[in-house]
Amino acid sequence: MKNSGFRSVFAAVVLFFVAACATTRAPDTFEVSLADVRFTEATALETAGVFVIRLQNQSPEALQCNGAVHKVTLNGIRLGSGVHKETLALDRLSDGTQTVTVRFGNLALARLLHDLSQTKRVSWQLDSTLFLQAGARSWTAKVSRTGALDLKDFQPVRPVGN
């Protein structure tokens with residue numbers, strides 16, 4: 001009899017913790033994408049790139065992003081990571097942007113430029129860690145996104161007959 005009482009209490013405690021854990025993490029309804037890239041500062045050893053990252057809240061409830069780490073890879077070359085420390089409020093079913101600076105070595109840039117001259121194509125990968133909150137619940141979400149851009153599509157077209 002004593003054993004069954006212990007089992008009942010133990011089962012109730014386990015059930016409580018499982019239910020509590022399930023309600024403290026919102027579903028992964030978040031998307032990231034690369035919106036813009038521009039290169040800014042350059043020194044003898046490193047170059048800075050400014051990356052605009054679009055965050056999309058696909059949830060029916062308002063969220064806020066209390067910071068993020070974005071790791072950037074271009075043409076398979078890991079450039080580096082950028083951080084964003086400001087809070088970004090995202091209403092339900094809305095999006096916003098974060099601007100992050102990524103500093104990378106000029107050797108990586110030289111490899112990237114060489115690849116671009118050969119392939120005329122840029123493939124990118126964005127691996128983001130987002131620190132999210134909805135009401136009193138907070139959690140960390142890891143989101144990855146890849147894409148490609150064919151630079152041949154952006155070359156001026158010569159008029160016919162010239």
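1. Which residue in S4 is the bridge partner of Lys71? In this predicted model, Lys71 has Ser81 as its bridge partner in S4, and the pair belongs to an antiparallel arrangement in which seven bridges join strand S3, residues 63–74, to strand S4, residues 77–84. Two residues lie between the strands of this hairpin, where Asn75 takes a positive phi near 50°.

2. Asp127 has Ser144 in S8 as its bridge partner, and Gly135, in a hairpin with two residues between the strands, takes a positive phi near 65°.

3. Three strands form an open sheet in the order S1-S2-S6, with antiparallel pairing. Strand S1 (30–42) and strand S6 (94–105) are the edge strands, each pairing on one side only, and neighbouring strands of this sheet are turned by 20° against each other on average, direction ignored.

4. Within that sheet, strand S2 (residues 46–57) and S6 run antiparallel and are joined by 12 bridges, with Gln56 standing opposite Asp95 in S6. Helix H2, residues 106–119, packs on the sheet and touches S2 and S6, its direction making about 110° with that of S6.

5. The largest nonpolar core has 31 residues, of which Phe51, Ile53, Leu55, Leu79 and Leu130 touch the most other members; S7 gives the most to this core, with six residues. Leaving aside residues up to four places away in sequence, Leu55 touches a list of residues including Phe30, Val32, Cys65, Leu88, Leu90 and Leu130, and also Asp95.

Terms used: Residues are numbered from 1 along each chain as its sequence is written. This is a predicted model: local features need pLDDT of at least 70, side-chain atom pairs count only at pLDDT 80 or more; totals for chains, interfaces and linings use all residues. Side-chain values use heavy atoms; hydrogens and water are left out. Two strands pair if DSSP finds at least two bridges between them. Helices (H or I, at least four residues) and strands (E, at least two) are DSSP runs, numbered from the N terminus. A nonpolar core is a set of buried Ala, Val, Leu, Ile, Met, Phe, Trp, Tyr and Cys residues joined through side-chain atoms within 4.5 Å. Buried means under 20% relative accessible area, exposed over 50%, partly exposed in between (1.4 Å probe, protein chains only). Contact means heavy atoms within 4.5 Å. Axes are lines fitted to C-alpha atoms, for helices over the stretch in contact, and angles run from 0 to 180 degrees between N-to-C directions.
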